[in-house]
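The tour goes from the whole chain to a single residue.

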Amino acid sequence: YVDPLGFTDWFLPSEEELLLIYTNLHTIDVGGFEDDYYWSSTESQFAGSAQHVLFNDGSVSFSSKANTHRVRAVKNF
C-alpha cells in the first residue's frame, strides 16, 4: 500500500501496541475509534486465529481470521 503522501511503512499494530493506542488515545476520545473490535497483528495460539482488542473496555481476546473486525494501520515516525 502506498498512501497519498508516498509512505509505504504502514503496518497493523501488535496486541501490545493496540492496547497502548486504546489506553493513550481512545480513552481520551482521540482518533475517532468506535467501541468495537480491532484486529492486531498478533497471532493466537489457535490455528487460523489472531488477537483483537475490544475498544469498549480494552479487553483482549482472539477470533478466527475469517471474522470481520475493524483495523487501524499505524506507522513509525
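The stops below begin with the overall fold and end at one serine.

This is a predicted model, in which local features need pLDDT of at least 70, side-chain atom pairs count only at pLDDT 80 or more, and totals for chains, interfaces and linings use all residues. Residues are numbered from 1 along each chain as its sequence is written, and side-chain values use heavy atoms, with hydrogens and water left out.

**Whole chain.** Show the chain as a cartoon. Followed from the N terminus, the order is β-α-β-β-β-β. Switch to a C-alpha trace: along its principal axes it spans about 35 × 30 × 20 Å.

**Burial.** Of the 77 residues, 32% count as buried, meaning under 20% relative accessible area with a 1.4 Å probe, protein chains only.

**Strand β4.** Select residues 60-64, which form strand β4, and find S63 within this strand. Is S63 buried or exposed? S63 is buried, at a relative accessible area of 8%.

**Around S63.** Show side chains. S63 has a polar contact of 2.5 Å with the side chain of N67 and another, of 3.2 Å, with the side chain of H69. A polar contact is a pair of N or O atoms within 3.5 Å; within protein, one must be able to donate a hydrogen and the other to accept it, and residues adjacent in sequence count only if both atoms are side-chain atoms.

Finally, select W39, G48, S49, A50, H52 and H69: S63 touches these residues, leaving aside those up to four places away in sequence (contact means heavy atoms within 4.5 Å).

Methods. Helices (H or I, at least four residues) and strands (E, at least two) are DSSP runs, numbered from the N terminus. Buried means under 20% relative accessible area, exposed over 50%, partly exposed in between (1.4 Å probe, protein chains only).
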